[in-house]
Amino acid sequence: MSTQVYLAQARASPNAQDCMALYDKWAATYNKEVGDEKQNYVAPVLVAQVALQSSKNPARSVILDAGCGTGLVGQALAIGGVKSIDGLDLSGPMLLEAKKTGTYRNLAQADMNRRIEKPDDTYDVVTCVGTFTAGHVGPDPALRELIRVTKRNGIVISTILEEIWESGGFKAEVEKLEAENLVTVVSDGLIDYVKGRGDKAVLAVLQKVDHV
């Protein structure tokens with residue numbers, strides 16, 4: 001099956017189970033296919049760069065890679081000096097590929113449409129790339145959960161496919177989190193996503209408010 005077909009099917013997935021089954025099949029060839037010149041999936045590296053810039057000391061930061069897939073973000077973070085990276089993903093075979101990279105401290109299977117089994121205020125930075133797209137994970141409770149597990153003054157960096165930023169309720173959820181004084185929106189501009197396809201994504205950078 002071609003990358004174009006996989007991407008189309010992934011974005012059309014009616015539920016988490018169908019989405020997981022698709023990624024289970026795709027796991028072994030995913031990195032090679034999304035990384036070729038025709039696809040040029042640049043979002044993982046761009047998000048890792050923002051995460052590294054947001055950290056005062058990458059080597060001492062504890063980072064959660066939510067929706068880690070095969071570990072593209074984790075590898076980019078590790079190259080930048082991060083040593084403590086945890087990963088979550090719905091697909092077991094994707095997690096096996098991530099494990100092979102040797103960059104993750106812990107890896108766990110998780111459905112981000114539900115509560116994340118992590119304590120409050122655990123991570124300095126949370127990244128989430130390729131998960132907030134059509135047919136995958138919605139904004140609620142996922143964004144709120146990512147904020148919950150982030151330390152006060154910590155940063156959540158997420159990509160949201162441009163076409164669902166408003167229609168999928170992500171913009172409204174970010175505004176709601178800001179109105180509740182849970183986060184400050186650092187930025188929410190557009191970046192290249194799957195550059196070879198011309199896809200764009202909103203790069204939402206949220207800082208958790210330090211409540212007194």
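Q: How does Asp-192 count by its relative accessibility: buried, partly exposed or exposed?
A: The model at hand is predicted: local features need pLDDT of at least 70, side-chain atom pairs count only at pLDDT 80 or more, and totals for chains, interfaces and linings use all residues. Buried means under 20% relative accessible area, exposed over 50% and partly exposed in between, with a 1.4 Å probe and protein chains only. Asp-192 has 25% relative accessibility, so Asp-192 counts as partly exposed.

Q: Which residue forms a salt bridge with Asp-192?
A: A salt bridge here needs a side-chain nitrogen of Lys or Arg within 4 Å of a carboxyl oxygen of Asp or Glu. The closest N and O atoms of the pair are 2.7 Å apart.

Q: Which helix holds both Lys-100 and Glu-97?
A: These two form a salt bridge, with closest N and O atoms 3.1 Å apart. Lys-100 is exposed at 64%, whereas Glu-97 is partly exposed at 21%. Helices are DSSP runs of H or I with at least four residues, strands are runs of E with at least two, and both are numbered from the N terminus. The pair is 3 residues apart, about one turn of the helix, and the element is α5 (residues 92–100).

Q: How many residues apart are Asp-124 and Lys-151?
A: Their side chains meet in a salt bridge, 3.3 Å from N to O. The pair links distant parts of the chain, Asp-124 being in strand β4 (residues 123–132) and Lys-151 in strand β5 (residues 150–161).

Q: Where does Gly-74 lie, and how far is it in space from Ile-85?
A: Gly-74 belongs to helix α4 (residues 72–79), and its 0% relative accessibility makes it buried. Leaving aside neighbours within four places in sequence, Gly-74 is in contact (heavy atoms within 4.5 Å) with residues including Asp-65 and Ile-85. Gly-74 and Ile-85 are 11 residues apart in sequence, and from C-alpha to C-alpha the distance is 6.9 Å.

Note on methods:
Residues are numbered from 1 along each chain as its sequence is written. Side-chain values use heavy atoms; hydrogens and water are left out.
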